[in-house]
Amino acid sequence: MGSRYQGYKYIEFDYPAERVLRLTLNNPGRHNSLDALGHQEIADVWKEIDTDPDVSAVILCGAGKMFSAGGDFKLVEELIDSFEGRCRVWKETRDLVYNIINCSKPTVSAIHGAAVGAGLVAAMLCDISIAGRSAKIVDGHTRLGVAAGDHAAIIWPLLCGMAKAKYHLMLCEPVNGEQAEQMGLVSLCVDDDQVQTKAVEVATRLAQGAPTAIRWTKYALNNWLRQAGPIFDASLAMEFMGMSGPEVKEGLASHLEKRKPVFSQKVSI
C-alpha cells in the first residue's frame, strides 16, 4: 500500500482492481461509528486521494453488517459541552463535504445495512451510489434535536426533489435500497450480496475510461453543488448552533435511554 495511506485507524485500504482504491470504514464492535479521530480521517482522506497519481477511481464501503452507524455519542457530548469541540467539528464537517465534492477522482459508494451520520454524508456525496435492497438510509438529525445540516440540504433536493427531501429530513423517515433507487436518492439498487461486486465493476469501468473526460464531467456537474454552497453553509451553521441548545440534550438522552424524545414546544423563533 505504501506510506500514503498509513496511520489511519478507522479506514482500511485495498485495491480490488487496477487503479481502484477501496476505502472500508471499520470500527469493530461500534457498527463503524466515527469518533473524533474517525470524523477527522473521513474528512481528510479525500485530499490525499485527489493527489494520488496511482488512483483513478475510488470505492467507499463499510465493514461487517452495516455501512456506518454515524457519529459516536461521545462526540455528540463533546459538541454539546465544548465550544472548541464545536468549532473543530464544524470545520471538519465543512471540509468533509467540500473535499469530496472537489476530489477529482470519480467515487462510488457501496451501501449495505444502516447508513447514518458522517458515513452517510460521504456515501451520498459519492458520484455513483450503489445500495443493497435491505440497506437502511436515514438522516437522523432532527430526531437528535439539531438541524439536518451536514450534507442533506446541499444534495438531497437535487437527488430526490424538494418534497421528498423535506419529508425524509424533517421526519427522519428511513428508506431502504429499493425505495432510495425509486426516488432517485441512489444511483442503483442491487441484491445485498451483489453490492461489492457491482461497485467494483462500476469503479473499474471508471478507472478504465478517459480520465480527463470523466474528471471534467464530474467537475462540471459538481458546480450544481458548489452553487448550493451557501445553502449548505447555512444549514451547517444552524446544526452547530443547535448543539448549544436544549433540544439536542433531550435528543441525546433519549438515544442513550432508548426511549422516544419529548421536546419542549416553547421556542423563541
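Residues are numbered from 1 along each chain as its sequence is written, and side-chain values use heavy atoms, with hydrogens and water left out. Because the model is predicted, local features need pLDDT of at least 70 and side-chain atom pairs count only at pLDDT 80 or more, while totals for chains, interfaces and linings use all residues.

Begin by selecting Leu 23, Trp 46, Ile 49, Ile 137 and Trp 156, which touch the most other members of the largest nonpolar core, a set of 63 residues. Such a core consists of buried Ala, Val, Leu, Ile, Met, Phe, Trp, Tyr and Cys residues joined through side-chain atoms within 4.5 Å, where buried means under 20% relative accessible area (1.4 Å probe, protein chains only). Helix H4 (residues 117–125) gives the most to this core, with seven residues; a helix here is a DSSP run of H or I with at least four residues, and a strand is a run of E with at least two, numbered from the N terminus.

Contact means heavy atoms within 4.5 Å.

Then move to Ala 114, which lies in strand E5 (residues 114–115) and is buried, with a relative accessible area of 18%. Beyond its neighbours within four places in sequence, Ala 114 is in contact with Met 66, Phe 67, Ser 68 and Lys 136.

Finally, select Ile 269 together with Ala 114: their C-alpha atoms are separated by 34 Å, and the two are 155 residues apart along the chain.

Key: Buried means under 20% relative accessible area, exposed over 50%, partly exposed in between (1.4 Å probe, protein chains only).
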